Amino acid sequence: MNLLNLFTKTFDNKQPEKAEAGSHWIKCKSCHSLMYYKEVENQNYVCPKCGYHIRIGVKERLNMLADEGTFVEYDASLEPVDPLKFVDKKPYKKRLEEAYAKTGRKSSVVSGECKMNGVDVQLVIFDFAFMGGSLGSVEGEKIVRAAHRAIEKKQGLIILSASGGARMQESTFSLLQMSKTSAALAKLSNHKLPFISVLTDPTMGGVSASFANLGDIIIAEPGALIGFAGQRVIEQTIGSELPEGFQRAEFLLEHGSIDMIVNRNKLKKTLSDMLTLLKKD
């Protein structure tokens, strides 16, 4: 009996050690290197071995880009409704509740104002964790309001996209956001205020087909997946194979679809420099 108790105690003691060890280490999906989590965190979640950019959330983006204590969020109370009473495998309302429980947010977009190396800017960040960063009515409205604030305050606008595209549960209401946001950005251009679009992994569907590719400067993170439809869908449509990596940032830069690829560790300085250069008094 004593032997059995000893075995049980030893077994139980090992469980927290495994959980604790797992929280301190991270494996790169690209080079498969096992790295200390804090080391990767200090590099803005860029693999120090191969430079692979690990997907990150809104909190990490804000810590990386906004000057400390300067970010002020707007329109946080806006939340989606269900005008179509849409149901697929789950009711739309249920999906929204799950997304809120997962992220603590009511939409896939966080918008606000901050300083970036001392430069005032309107900042919009997509949260891929909220229903795949999909574009719905609330997300479109937040982008439009951010553009209007930029005009009112004579500031630049930066949008960091991470999205699977338009939100199918809102159907035409979602698709309308493509034209709505594009029209708002045209007003920004008329006032000679800069719009910088940052494409992160992934930027797909209706987001890539609208505002994400309308920037005065279009920047992508290394290795970001960018496109409209998936590779398999395109291959089935045209009946031929496509080159490997044709929807990656490096391929798009080579073929002139984007302006530059910027390492995440240099993104803040690049953006603040661009804002200063592009803004006209």
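A bit of bookkeeping comes before the tour: residues are numbered from 1 along each chain as its sequence is written, and side-chain values use heavy atoms, leaving out hydrogens and water. Because the model is predicted, local features need pLDDT of at least 70 and side-chain atom pairs count only at pLDDT 80 or more, while totals for chains, interfaces and linings use all residues.

Start with Cys28, Cys31, Cys47 and Cys50, which an unreviewed UniProt entry lists under "binding site" (positions follow the numbering used here, feature names are shortened, and annotations may be inferred rather than shown by experiment). They span 23 residues in sequence, yet no two of their C-alpha atoms are more than 8.8 Å apart, so they gather at one spot.

Cys28 sits in the loop between β1 (25-27) and β2 (34-36); strands here are DSSP runs of E with at least two residues, helices are runs of H or I with at least four, and both are numbered from the N terminus. Cys28 is buried, at 1% relative accessible area (buried is under 20%, exposed over 50%, partly exposed in between, with a 1.4 Å probe and protein chains only). Leaving aside residues up to four places away in sequence, Cys28 touches Ser33, Met35, Cys47, Cys50 and Tyr52, where contact means heavy atoms within 4.5 Å.

Cys47 comes from the loop between α2 (37-42) and α3 (58-65) and is buried too, at 3%.

Now for the helix. The buried residues of α5 (137-153), among them Val138, Ile143 and Ile151, pack against β3 (72-74), β4 (109-116), β5 (119-126), β6 (156-163) and α6 (171-190). Lys154 follows α5 with a positive phi, near 55°.

Definitions and conventions: Expected span 1.5 Å × (residues − 1).
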